[in-house]
Amino acid sequence: MNEALVIYLVELPRDAGGFVRRECPRCQCDFKTRPRAHDACILQRRLASLFPFENAHESFDEVPDGWCLYCGHRAAGDEWLTPAQQAHVEDVARSWANHVRYEQLAYVSRTLGLNPRPTFVSVKPRALPEPLPPEADDLRLLPLVCCGEEVKAHEDWDGPIFCPRCGIRHGGLSGRQQVHLEFMRE
Ligand SMILES: [Zn+2]
Ligand SMILES: [Zn+2]
């Protein structure tokens, strides 16, 4: 029997407008941004931390930090998964590990066909989890001039907002759009 090539896609669900939900690790409020180039890297890293893939020693690309839209908290790029997204990645990693273990045992039992007294049976693991459903099309669209990007915030948020990509603060309670520029040394 040929080993079946299994390709399983893990991705962050999007809403109808193509936005992905993020959650601040500090204030636990959610907002949305467009998918990022490094989202796949974040998922790959998270999966590799939960399940030791054979290529886990490969170095992953650096993921840039992100900022919370509401509280301005800065955190590493892979700390912005929502609890549902994290649970899904953990579920996939666990199931995948079970499948790999099953295949290894099944391979052993297949190749030990001459063994008259096998000491184990391999039980087929349950199917890999279904992908997460698409995101609800909620939250309010806001354009951010600093990075030329659109984000989505809660309808009732009237405080200043911070750009999730560059951390620049926009606006405030005065209602006047102010842009505070901060230059940071790399
Ligand atoms: Zn926050
Ligand atoms: Zn920005």
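**Reading a predicted fold**

Mentor: Start with one residue: Leu-141 sits in strand β5, which covers residues 140-144. Keep in mind that this is a predicted model.

Trainee: Which residues is Leu-141 in contact with, leaving aside its neighbours within four places in sequence?

Mentor: Those are Glu-150 and Lys-152. Glu-155 lies 14 residues from Leu-141 in sequence, and their C-alpha atoms are 8.9 Å apart.

Trainee: Which elements make up the whole chain, and in what pattern?

Mentor: The protein chain has 2 helices and 8 strands. Along the sequence they run β-β-α-β-β-α-β-β-β-β. Of the 186 residues in the protein chain, 18% are buried. Taking contacts between residues at least 6 apart in sequence, 53% join residues at least 24 apart.

Trainee: In what sense do β1 and β2 pair?

Mentor: Strand β1 (residues 20-23) and strand β2 (residues 30-33) are antiparallel, with 4 bridges. Glu-23 is placed opposite Asp-30 in β2. The hairpin has 6 residues between the strands, and Gln-28 there takes a positive phi near 60°.

Trainee: Which residues of α2 are buried?

Mentor: First the general idea: an α-helix has 3.6 residues a turn, so residues three or four places apart point the same way. In α2 the buried residues are Gln-85, His-88, Val-89, Val-92 and Trp-96. Part of what covers them is α1 (39-50).

Trainee: Which residues make up the largest nonpolar core?

Mentor: In soluble globular proteins, nonpolar side chains tend to be buried together. Here the largest nonpolar core has 11 residues: Cys-24, Phe-31, Trp-67, Cys-68, Leu-69, Leu-139, Leu-144, Val-151, Ile-161, Phe-162 and Cys-163. Another core, of 5 residues, lies apart from it, and its members include Ile-42, Leu-43, Val-89 and Trp-96.

Trainee: What does Leu-139 touch, not counting residues up to four places away in sequence?

Mentor: Leu-139 touches Phe-31, Lys-32, Lys-152, Ala-153 and His-154. Of these, Phe-31 is also listed in the largest nonpolar core.

Methods
Residues are numbered from 1 along each chain as its sequence is written. Chains are lettered from A and ligands numbered from 1 in the order in which they are written. This is a predicted model: local features need pLDDT of at least 70, side-chain atom pairs count only at pLDDT 80 or more; totals for chains, interfaces and linings use all residues. Two strands pair if DSSP finds at least two bridges between them. Two residues are in contact if their C-beta atoms, placed from the backbone, lie within 7 Å. A residue is buried if 20 or more other C-beta atoms lie within 10 Å of its own, exposed if 12 or fewer, and partly exposed in between; C-beta atoms are placed from the backbone. A nonpolar core is a set of buried Ala, Val, Leu, Ile, Met, Phe, Trp, Tyr and Cys residues joined through C-beta atoms within 7 Å.
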